[in-house]
Amino acid sequence: MGVSIETWRARIGSFSQLRSKDKFKSPAICISLGHGVGSAIVRIVLLCSLLIVCGDVESNPGPPPKTRATAAEPGDQSQELGEIKSLITDLKQNIDVKFETLNTKLDDLKNNLEARVEEVATEQTRLAEAQHECISKVEAIDRRVDVLENQSRRDNLIFSGIPEAEDGKETWEDCERKVKDVITNKMEIPNADAIQFERVHRLNTKAYPRPMIMKFSKFKERETVLRSSKKLKGSNLYINEDFSPRVRSVRFKLRQCLKQAKQDGKNAYIRFDKLCVDNSWFTYDLNSDKLVSIHKI
């Protein structure tokens, strides 16, 4: 049995003449196609041409290319982990070596520093001993110089209160004449004119009248005048021994202690740079500024 016309049309489609509503609605073209296979082919070609002309067709890029996998393969991961572990091990070894070297250097530096500190301490001890020795020697020299100075002054007496010329011009002869006048008239020493002086002159001080210093040619004559100085008590004339500055400072302090001891009813007197109180001997330490007990030498 053959294929009917209806079945054929259902298979290939119906190509009847387009009605007014089936015509292509285009401002430029309106085409009417006939029936049949040839008409269908022509219609398809025309449609494709129209689409290309209209620019409504773009090339199909196709499926996107497969992207490269970002994750490494399991084998690659193991290799990378191994390399990282190796780098960490090397780094640790390097750090250990650096620390060991640093510790060695620090130990050497510590040992050197301890040695230098010990050397400095030894040198400091030596310098302290040397300083103490130098101080002892200087003090011994000072004492010796003080003794020599006092020995050079032992023939001197200082006479205070003798009137001074108004113009301040006095020769040694003028000073000697005034001293002998006091010795003869005030102190009543016989044969005062026979007393010999090496020199008599005023001291360069701010006091007025300025004291006179007398250097005797004979120590015995000096002692005679000193013992007779008690006769000047109650007058404005005073005779004192000539001492070094240190001894004068010590005697100034000792006189204050002597005054207090006599007020307490004790037997006290000063001899040179020492104070005797009830047979106990003292001196004054200028460095510590206090009275210290000593054994009489």
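Which residues lie nearest the centre of the largest pocket? They are Glu-241, Phe-243, Arg-251, Ile-270 and Phe-272. The points below start with the basis of the model and then return to that pocket.

1. Basis. The model is predicted, and local features need pLDDT of at least 70, side-chain atom pairs count only at pLDDT 80 or more, while totals for chains, interfaces and linings use all residues. Residues are numbered from 1 along each chain as its sequence is written, and side-chain values use heavy atoms, with hydrogens and water left out.

2. Confidence. The average pLDDT (the predictor's confidence in each residue, from 0 to 100) is 82 for the chain, and 75% of the residues score at least 70. Residues 15-33 stay under 50, and the model has 26 contacts for them beyond four places in sequence. A contact here means heavy atoms within 4.5 Å.

3. Overall make-up. The chain holds 6 helices and 8 strands, in the order α-α-α-β-α-β-β-α-β-α-β-β-β-β from the N terminus. These elements are DSSP runs numbered from the N terminus: helices are H or I with at least four residues, strands E with at least two. Taking contacts between residues at least 6 apart in sequence, 49% join residues at least 24 apart.

4. Surface. Of 297 residues, 20% count as buried. Buried means under 20% relative accessible area, exposed means over 50%, and partly exposed lies in between (1.4 Å probe, protein chains only).

5. The largest pocket. Its space is about 2000 Å³, and its lining has 44 residues. Two or more lining residues come from each of helix H3 (74-153), helix H5 (219-227), strand S4 (238-241), helix H6 (245-263), strand S5 (268-271) and strand S7 (280-285). H6 gives the most, with 7 residues. By type, the lining has 17 nonpolar, 6 polar and 21 charged residues. Nonpolar covers Ala, Val, Leu, Ile, Met, Phe, Trp, Tyr, Cys and Pro, charged covers Asp, Glu, Lys and Arg, and the others, Gly among them, are polar.

6. Pocket criteria. On a 1 Å grid over the protein atoms alone, a pocket is an open set of points where a 1.4 Å probe fits, with protein on both sides within 12 Å along at least five of seven lines; lining residues have an atom within 4 Å of a point. Grid points are joined across faces, edges and corners, and the volume is the space filled by probe spheres set on the points.

7. Tyr-269 sits in strand S5 and is partly exposed at 31% relative accessible area. Beyond its neighbours within four places in sequence, Tyr-269 contacts Leu-258, Lys-274, Leu-275, Cys-276 and Trp-281. Its C-alpha is 9.8 Å from that of Asn-279, which is 10 residues away in sequence. Asn-279 belongs to the loop between S6 and S7, has a positive phi near 70 degrees though not a glycine, and is exposed at 70% relative accessibility. Asp-278 lies in the loop between strand S6 (274-277) and S7. Asp-278, also not a glycine, has a positive phi of about 50 degrees and is partly exposed at 41%.

8. Phe-159. This residue of strand S1 (residues 156-160) is buried, with a relative accessible area of 0%. Not counting residues up to four places away in sequence, Phe-159 touches Val-179, Val-182, Met-187, Pro-211, Met-212, Met-214, Leu-232, Leu-237, Tyr-238 and Ile-239. The C-alpha atoms of Phe-159 and Ile-213 are 6.2 Å apart, across 54 residues of chain.

9. A cis peptide bond. The bond from Tyr-208 to Pro-209 is cis, with omega near -5 degrees. Pro-209 is in the loop between strand S2 (197-202) and strand S3 (212-216).
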